Amino acid sequence: MANILVVDDEMGIRELLSEILGDEGHVVATAENAQQARELRQGSVPDLVLLDIWMPDTDGVTLLKEWQRDGLLTMPVIMMSGHATIDTAVEATRIGALNFLEKPIALQKLLKAVQQGLSHSREPVRPASYRPAAVTAVANGAAEGLHTPEHAAPITSYAPALGGDTLHHGTPAAAPYGQVADNAANISFDLPLREARDAFERAYFEYHLVRENGSMTRVAERTGLERTHLYRKLKQLGVEPGKLAKKNH
């Protein structure tokens, strides 16, 4: 578990990253602008910072320069942006940013970058002049998340049919699985197609959420969806992962 600070002026981005990282077991603090980020940094040292470049009051690169100037850049920082140029990414890396992620951020790239960042959490963060390979990687567009398409994680095992009674190599299914299966079995064919499809998808995702004890990472892998898409789909269907996870206890 790590303490991670997310700095982004978009509420949706802050909420999404908080949910994803929280589900991974991390403690997440959020700031919607540079001033809030300054105050949080003065109060404590996070293990990692995810910092947006374009913000209305002070941009992320300027804030990064401030932290470096004041001796506060003692934690790894990963920059984020949907509009940054290669030059901006190179500048941020030279100042001391560890990595750069392009929005929309693909799930696997986010988790990989966070893992790499946390592995540096106990090392002094130095300007990239000490790490010329990092600058070269960004300049060549090879940094993590920079113009690299995300591919869905392969599904290595198949879920049993909704009406099945065994899971994970013959383990008896708990009662909630049967309840979800009943919900799917009771979908009326007399419903309009869209309503029937929503009902099936609701039962499908509820089944996997119960099965995986609410782990969004494992459900994303099972269903072959990017986690961002999965969160939006569940919200659209009115499915609450937390409540379903409790049913399995």
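## Reading a predicted model: contacts, helices and rings

Tutor: Residues 24 or more positions apart account for 68% of the contacts in the protein chain that have a separation of 6 or more. Keep in mind that this is a predicted model.

Student: How many helices and strands does the protein chain have?

Tutor: The secondary structure comes to 11 helices and seven strands.

Student: What share of the residues counts as buried?

Tutor: Buried means under 20% relative accessible area. Of the 249 residues of the protein chain, 44% fall in that class.

Student: Let me try one residue. Is Ser81 buried or exposed?

Tutor: Ser81 sits in strand 4, which covers residues 77-81. Its relative accessible area is 1%, so Ser81 is buried.

Student: Which residues is Ser81 in contact with, leaving aside its neighbours within four places in sequence?

Tutor: Ser81 is in contact with Asp52, Ile53 and Trp54, and also with Phe100, Leu101, Glu102 and Lys103.

Student: Now helix pairs. At what angle do helix 3 and helix 4 pack?

Tutor: Angles under 35 degrees count as roughly parallel. Helix 3 (residues 60-69) and helix 4 (residues 86-95) pack at about 15 degrees, and their axes are 10 Å apart. That angle makes helix 3 roughly parallel to helix 4. The crossing of these two helices is left-handed.

Student: Which residues make the contact?

Tutor: Helix 3 brings Val61, Leu64, Lys65 and Gln68. Helix 4 brings Thr88, Glu91, Ala92 and Ile95. By type, the residues of this contact divide into four nonpolar, two polar and two charged.

Student: How do helix 8 and helix 10 pack?

Tutor: Here the angle is about 125 degrees, and the axes of helix 8 and helix 10 (residues 227-237) are 10 Å apart. That makes helix 8 oblique to helix 10. Helix 8 passes helix 10 in a left-handed crossing.

Student: Which residues of helix 8 and helix 10 make that contact?

Tutor: On helix 8 they are Asp198, Glu201, Arg202, Phe205 and Leu209. On helix 10 they are Leu230, Lys233, Leu234 and Leu237. The residues of the contact of helix 8 with helix 10 divide into five nonpolar, no polar and four charged.

Student: Next, rings. How many aromatic pairs are found in the whole structure?

Tutor: The search finds two aromatic pairs. To classify a pair, look at the ring planes: under 30 degrees apart counts as stacked, over 60 as edge-to-face. The rings of Phe200 and Tyr204 have their centres 6.2 Å apart and their planes at 25 degrees, so this pair is stacked.

Student: Where do Phe200 and Tyr204 lie along helix 8?

Tutor: They are four residues apart in helix 8 (residues 193-211), so about one helical turn separates them. Phe200 has 42% relative accessibility and counts as partly exposed. Tyr204 is partly exposed too, with a relative accessible area of 26%.

Student: What about the pair of Tyr204 and Phe205?

Tutor: That pair is edge-to-face, at 5.2 Å centre to centre with 80 degrees between the planes. Phe205 has 5% relative accessibility, so Phe205 counts as buried.

Student: How far apart are Thr223 and Phe205 in sequence and in space?

Tutor: They are 18 residues apart in sequence, and 8.4 Å apart in space from C-alpha to C-alpha. Thr223 belongs to helix 9 (residues 216-223). With a relative accessible area of 15%, Thr223 is buried.

Methods:
Residues numbered from 1 in each chain as written. Predicted model: local features only at pLDDT ≥ 70, side-chain atom pairs only at ≥ 80, totals over all residues. Heavy atoms only, no water. Axes fitted to C-alpha atoms, helices over the stretch in contact; angles between N-to-C directions. Parallel < 35°, antiparallel > 145°, perpendicular 65-115°, else oblique. Left-handed = near helix turned anticlockwise from the far one by under 90°. Contact = heavy atoms within 4.5 Å. Nonpolar A, V, L, I, M, F, W, Y, C, P; charged D, E, K, R; others polar. Phe/Tyr/Trp six-rings, centres within 6.5 Å; stacked < 30°, edge-to-face > 60°. Buried < 20%, exposed > 50% of the residue type's maximum accessible area, 1.4 Å probe, protein only.
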